[in-house]
Amino acid sequence: MTRADGTRQVTLNGWPLYRYSQDSKPGDTKGQGFGGIWFVTAPNGSKITAAASPSGGSSGGSSGGGYGY
């Protein structure tokens, strides 16, 4: 999609995707559930709402991306 400022934004199923700044490597999910609105996406594009595990992973898989509602 094209944002109001003219830059392009990657989306998945109509939701904008963002990279959480503290996730530094593939598989990091430190932003999982952040503020109750940021969630990791599964490889199939669905929202993963499970809490991140203590090791930083997320149950159900992770693509390293996320989206907010």
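Q: What share of the chain's residues count as buried?
A: In this predicted model, 25% of the 69 residues count as buried.

Q: Why is Gln9 called buried?
A: The relative accessible area of Gln9 is 9%. You can find Gln9 in the segment before strand 1 (11-12).

Q: What makes the pairing of the Gln9 and Arg3 side chains a polar contact?
A: The side chains of Gln9 and Arg3 are joined at 2.9 Å. A polar contact needs a pair of N or O atoms within 3.5 Å, and the 2.9 Å here is therefore within the cut-off.

Q: Which residues does Gln9 touch, leaving out those up to four places away in sequence?
A: Gln9 touches Met1, Arg3, Pro16, Leu17 and Tyr18.

Q: Why is Asp28 called buried?
A: Asp28 has a relative accessible area of 8%. The limit for buried is under 20%, so Asp28 qualifies. Look for Asp28 in the loop between strand 2 (15-16) and strand 3 (38-41).

Q: Which backbone nitrogen lies 2.8 Å from a polar atom of the Asp28 side chain?
A: That is the backbone nitrogen of Ser24. The backbone nitrogen of Lys25 lies 3.0 Å from a polar atom of the Asp28 side chain.

Q: How many helices and strands are there in the chain?
A: The chain has 0 helices and 5 strands, and its pattern along the sequence reads β-β-β-β-β.

Technical notes: Residues numbered from 1 in each chain as written. Predicted model: local features only at pLDDT ≥ 70, side-chain atom pairs only at ≥ 80, totals over all residues. Heavy atoms only, no water. Helix = DSSP H or I, 4+ residues; strand = E, 2+ residues; numbered from the N terminus. Buried < 20%, exposed > 50% of the residue type's maximum accessible area, 1.4 Å probe, protein only. Polar contact = N/O pair within 3.5 Å; in protein donor to acceptor, adjacent residues only side chain to side chain. Contact = heavy atoms within 4.5 Å.
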